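I set out to record what I looked up in this structure, entry by entry.

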Amino acid sequence: MKVSLIELFEETVRKYPQKVAVIDKDREIAFSDLRGKSLQLASALMALGIGQNRPVGVFLDKSIESVYADLGILYAGDFYMNLDIKTPAERIRNILQLVEPAAIISTTRQIKPIEGIIPSKMKVILLDEAGETADVDAADIIRRLPTVIDTDPSCIINTSGSTGTPKGVVLNHKSFFDFIDWAIDTFHFGDDLVMGSLSPIVFDIYSFELCMLMAKASTLVVLPAHLAAFPAKILEVLEQQKVNFLFWVPTIMVNIANMDLLSAFKLESLRTVWFAGEVFPTKQYNYWHHHLPEVTFANLYGPIEITLDCTYYIINKEIPDEEPLPIGYPCRNTDILILDDEDRAVKEPGVEGELCVRGTSLAMGYYNNPEKTAAAFVQNPLNKAYPELIYRTGDIVCLNSEGLIMFKGRKDNIVKHMGYRTDLGEIEHVIINTLKLVKNGCIVYNQSEKQITLFYEAADEIPVSEFRLQIGKVLPKYMIPTAFHHLEQLQRNANGKIDRLFYKKQVNE
C-alpha cells in the first residue's frame, strides 16, 4: 500500500525512465532527469535543517523548475505552497505572515518583487545559484519516505478570503490518492496521457496534473500563462504536442467557441476534456461537442476544500442551449448532502438546499486559521452518534427529475430585493444563456442603493431600454437590473474566473 504521492513517482520512474515528463516550450525533461533534479532540491532542503511536515513556498512561473520544486519538497517530507508571481507583494506578505513557510524556492530574477517582504529568518533557495550537489544521498532520502503517512499534508492551496488575506487550504496525500484513483478508474486513463496544462501553479487543477504525472507517467505540456490571450496559439500547441487530455476552467473554452477556432483546428488527438471552476454556458459547450463529437466531455464541480472536485457529469446526451449543464453525481467514496435552512436532508426533485460534503476528500482545514476552519468544517447534523465532519460549500443545488444534481447559485448570491428572494445567478443565466444578449456578464448587488447591477462584455454598448425590454420578457420586473456597465473585458482573477469580489466591492464602496 502506498501512502505518499512520491512513492507513485518512484514507481513511474522505474517503469518509464526515458519517457518525457514535462514539455516546456522548447525544453523537455525525462522522468529520470526530473527525479534527479527533485532529489537535488530535496537534499538542499534537508541540509537547511527545517525538518519534516513543514510548508515550503514556491515562487516560480509554471515551468520544468516549478514541477521539480514541488516534487523535491515532497521528497523532503514537506508540503509545497505555490505562490503566484503576478500577485501584488502586499498579498504575498499576508500569505507569508499567515503560513510562515520554512523556506521559499525561487530564482534571482523572479524573487526580486518580494525580496523586501521576506522575513529574515525565512530560508531562501535560488535555483539558478544552488548549482549541482555532487553528494546527494538518494538512498537516504528514499529511506525517509516511510516516515510520511497518508494523512500528512501534501500541499497548501490559497483561496480568496473575505478579510483580504487568502485562506490556506491544507490537502493531504490520502485525499489526492482518493481523487486520482477515482479519476483513473472512471475515465480509464492509461500511461499515454498528454496533458495540456493551462492553469496557474496556484490552482488545484495544476496539482491534479502533477499527481497524474506521478501516478500514470502522464506528460505535462506547459501552456504559458500569456497564451490565454491568444487562444489560437494554444490550439497550435495542442496539435503540435498531440495533447489528448484537457482540464480547463470554461472561460478560455468560451472564448475559443466565440471565435469559432475549432473550425480551423481539428485537435485530432484530443480524447477527454474536463471543465470545472465556473458555469460553462451550454451554447458554447455545444459548440465544442459538435466540433469534437468523439471526445468525452465531463463537467466537474467542487471547491478546493474537497480536494479537486466532488461531483461529475459525463455528458452523454444532447442538451439544449437554454438549459444548464448538470453537475451530476457524487464521485466514488464521496457523499453529497443537500441540507435545507434547518439542516434537514433534501431529497425531493426541485427543492433547493446547500450542498455539503463528507468523505476522505475533505481538506484538513485552513492553515493557522482555526476559526474559519471550525465555521466551514462542521459536525454532520444528520449524525448525532459519533464525530463526523462535513464541509459546507455555501452553494445552492437541487436534484432534477433524473436524480442529477443541478447547480443553482451561491448562498451569498441570493438577496432579498423589493421583498422577494432573488437569485442573482438566475438573472445572469437568462441574460447570457437564454436571451444571449451578451457573451459574459456578472451580476452583483448594491446593498446601499438596493440595485441589481450588471457588468457585461460586448463589442458595443447595448441600450438600457433594449436590456429591460428583453429581460422583461423572461423575468418579473423586480429581477430586471437597474444599473448597467459596459466593458470590453471583465476583470478575471488568477484562476481565470470572473472576479465577482472585485465588482461587489466596486458597487458597495
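Entry 1, a charge and a ring. I began with Lys19, whose charged end sits over the ring of Tyr16, 5.4 Å from the ring centre. I note here that the model is a predicted one.

I then examined the pair of Phe9 and Phe31, which is tilted, with 6.2 Å centre to centre and 45° between the planes. This pair links distant parts of the chain: Phe9 belongs to helix H1 (residues 5-15) and Phe31 to helix H2 (residues 31-47), 22 residues apart. I checked the accessibility of both residues. Phe9 counts as buried because its relative accessibility is 0%, and Phe31, at 0%, counts as buried as well.

I next looked up Phe208 and Trp274, which form a stacked pair at 5.2 Å centre to centre and 25° between the planes. The assignment as stacked follows from the angle, because planes under 30 degrees apart count as stacked. Phe208 lies in helix H8 (residues 204-216) and Trp274 in strand S12 (residues 272-275), so this pair ties together parts 66 residues apart in sequence. I found Phe208 buried, with a relative accessible area of 0%, and Trp274 is likewise buried at 0%.

Which residues form one aromatic cluster with Phe208 and Trp274? I listed Phe179, Trp182, Phe187, Phe189, Phe245, Phe247 and Tyr312 alongside these two.

I traced nine strands forming an open sheet with mixed pairing, in the order S2-S1-S10-S9-S11-S12-S13-S14-S15. Strand S2 (27-30) and strand S15 (329-330) stand at the edges; each has a single partner strand, so one side of each is left without a neighbour in the sheet. Within this sheet I looked up strand S9 (residues 194-197) and strand S10 (residues 219-222), which pair in the parallel sense over four bridges. Opposite Ser197 I found Val222 of S10.

I located Asp24 in strand S1 (residues 20-24). Is Asp24 buried or exposed? I recorded a relative accessible area of 1%, so Asp24 is buried. The side chain of Asp24 reaches the backbone nitrogen of Ile64 at 3.3 Å. Leaving aside residues up to four places away in sequence, I found that Asp24 touches Ser63, Ile64 and Val222.

I turned to strand S20 (residues 389-399), where nine of the eleven residues are buried, so the strand is largely enclosed by the rest of the structure. I then looked up its pairings. Strand S17 (residues 353-359) pairs with S20 in the antiparallel sense over four bridges, and Gly353 has Val397 in S20 as its bridge partner. Strand S19 (residues 377-379) is also antiparallel to S20, over three bridges, with Val378 opposite Ile390. For S20 and strand S21 (residues 405-410), I recorded antiparallel pairing over five bridges; there Ile396 stands opposite Gly409.

Finally, I inspected the hairpin of S20 and S21, which has five residues between the strands. In this hairpin, Gly403 takes a positive phi near 85°.

Conventions: Residues are numbered from 1 along each chain as its sequence is written. This is a predicted model: local features need pLDDT of at least 70, side-chain atom pairs count only at pLDDT 80 or more; totals for chains, interfaces and linings use all residues. Side-chain values use heavy atoms; hydrogens and water are left out. Rings of Phe, Tyr and Trp (its six-membered ring) pair if their centres lie within 6.5 Å; planes under 30 degrees apart count as stacked, over 60 as edge-to-face and the rest as tilted. Helices (H or I, at least four residues) and strands (E, at least two) are DSSP runs, numbered from the N terminus. Buried means under 20% relative accessible area, exposed over 50%, partly exposed in between (1.4 Å probe, protein chains only). A charge sits over a ring if NZ of Lys or CZ of Arg is within 6 Å of the ring centre and within 35 degrees of the ring normal. Two strands pair if DSSP finds at least two bridges between them. A polar contact is a pair of N or O atoms within 3.5 Å; within protein, one must be able to donate a hydrogen and the other to accept it, and residues adjacent in sequence count only if both atoms are side-chain atoms. Contact means heavy atoms within 4.5 Å.
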